[in-house]
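Please read the following note with the sequence and the model at hand.

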Amino acid sequence: MAKPVASEQDAPHVPVLLDEVLAALAPLDGARIVDGTFGAGGYSRALLNAGAMVIGIDRDPNVKPFADRLAAEFPSRFSFVHGAFAELDQLATGPIDGVVLDIGVSSMQLDEANRGFSFMREGPLDMRMAAGQGDSAADLINGLDETELANLLFAYGEERKSRRIAHSIVAARADKPIATTTELARLIEKAIGRKPGDAHPATRSFQALRIAVNDEFGQLVEGLFASERLLTEGGRLAVVTFHSLEDRIVKRFFDPEKGAPTQSRHLPEIVRDVLRWSDVRKAVKPSAEETIRNPRARSAILRSGLRSAAPARSTDFAGLGVPRLRGAA
Ligand SMILES: C[S@@+](CC[C@H](N)C(=O)[O-])C[C@H]1O[C@@H](n2cnc3c(N)ncnc32)[C@H](O)[C@@H]1O
């Protein structure tokens with residue numbers, strides 16, 4: 001596996017919505033912030049430069065050179081913990097004034113062919129962020145039955161041609177297991193065709209596999225509730241997501257009353273839950289200038305809120321719109 005270069009000039013991941021994230025977490029001077037998705041440390045560095053104390057967390061052991069560098073530069077204000085943000089309330093100890101989550105893969109992960117995240121780079125079908133832990137994408141592609149595969153592609157990738165793709169995968173693997181990213185991408189292209197101007201036909205399937213391999217929806221929900229438990233009253237949570245399924249989860253988490261039934265005078269009074277979050281801000285998207293400078297920022301959405309004094313909820317997946325593995329097309 002290629003070793004990431006830990007220097008600022010060639011930092012391999014450009015932080016997305018950086019100024020907006022800093023504004024959402026302000027005031028920063030002297031604040032204790034958890035960066036739950038450390039990556040190349042772009043947010044952490046900016047938070048440290050603004051005077052915060054930062055605890056960085058990442059499940060990918062390959063980020064260590066970036067963390068080591070920040071620890072050397074800010075020995076009394078930066079520390080790093082290897083782990084999953086689902087457990088951030090156990091990995092970091094309070095009082096904590098801010099948590100930031102930048103959900104998804106880093107450019108280092110996408111660009112490194114050996115990690116198997118990109119259908120444009122020949123590599124093993126791996127996709128595990130926590131390198132070597134749990135099932136790889138190849139395990140799912142070669143191990144799930146046709147219905148399970150179709151359900152996964154439909155629920156996690158919103159792939160409308162999931163059945164056709166699953167059928168082709170199962171037919172192809174009868175000869176020999178599907179081993180590489182490009183082999184799978186070609187197979188999907190052959191199964192559902194490609195229209196000029198459209199995204200690559202494997203885009204949605206790769207997204208679905210990555211989400212399943214890394215339990216990304218489960219991690220997101222657990223991480224949101226862990227942040228609710230960890231933050232002090234008045235603490236801020238900022239979450240950047242990159243597709244609508246994740247954004248829906250964050251939106252409903254901050255504002256569970258939205259979408260709840262409205263009061264009718266003919267029915268018993270609805271008792272409203274106490275609100276754990278105030279100052280829930282409108283979704284923030286990157287400027288045109290940022291998306292030109294960094295096309296990977298294109299689909300980013302930032303949501304943030306301020307922790308109230310109400311006791312934290314226990315983790316509850318209900319009502320958040322988390323996609324479930326059923327209903328294949
Ligand atoms: C989009 S990158 C973050 C980039 C970072 N904000 C920066 O400026 O460099 C996402 C990072 O979060 C990590 N990650 C994703 N899911 C995680 C999880 N559940 N727990 C801990 N880290 C996770 C990935 O390994 C990746 O390094």
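1. At what angle do the axes of helix H7 (residues 146-157) and helix H8 (residues 162-173) cross? They cross at roughly 135 degrees and come within 8 Å. Helices are DSSP runs (H or I, at least four residues), numbered from the N terminus. Axes are lines fitted to C-alpha atoms over the stretch in contact, with angles from 0 to 180 degrees between N-to-C directions.

2. This is a predicted model, in which local features need pLDDT of at least 70 and side-chain atom pairs pLDDT 80 or more, while totals for chains, interfaces and linings use all residues. Residues are numbered from 1 along each chain as its sequence is written, and side-chain values use heavy atoms, without hydrogens and water.

3. Because of its angle, H7 is oblique to H8. Angles under 35 degrees count as roughly parallel, over 145 as roughly antiparallel, 65 to 115 as roughly perpendicular and the rest as oblique.

4. Helix H11 (residues 216-230) packs against helix H12 (residues 244-254) at about 25 degrees, the axes being 11 Å apart. H11 is therefore roughly parallel to H12.

5. Around the ligand there are 23 residues, of which Asp 58, Phe 85, Asp 102, Gln 109 and Gln 219 come nearest. A residue counts as near if one of its heavy atoms lies within 4 Å.

6. Oxygen atoms of the ligand also lie by the backbone: a backbone N or O atom is 3.0 Å away for Ala 40 and 3.3 Å away for Tyr 43. The protein buries 99% of the 610 Å² that the ligand exposes when taken alone (Shrake-Rupley method, 1.4 Å probe).

How values were computed. Polar contact = N/O pair within 3.5 Å; in protein donor to acceptor, adjacent residues only side chain to side chain. Helix = DSSP H or I, 4+ residues; strand = E, 2+ residues; numbered from the N terminus.
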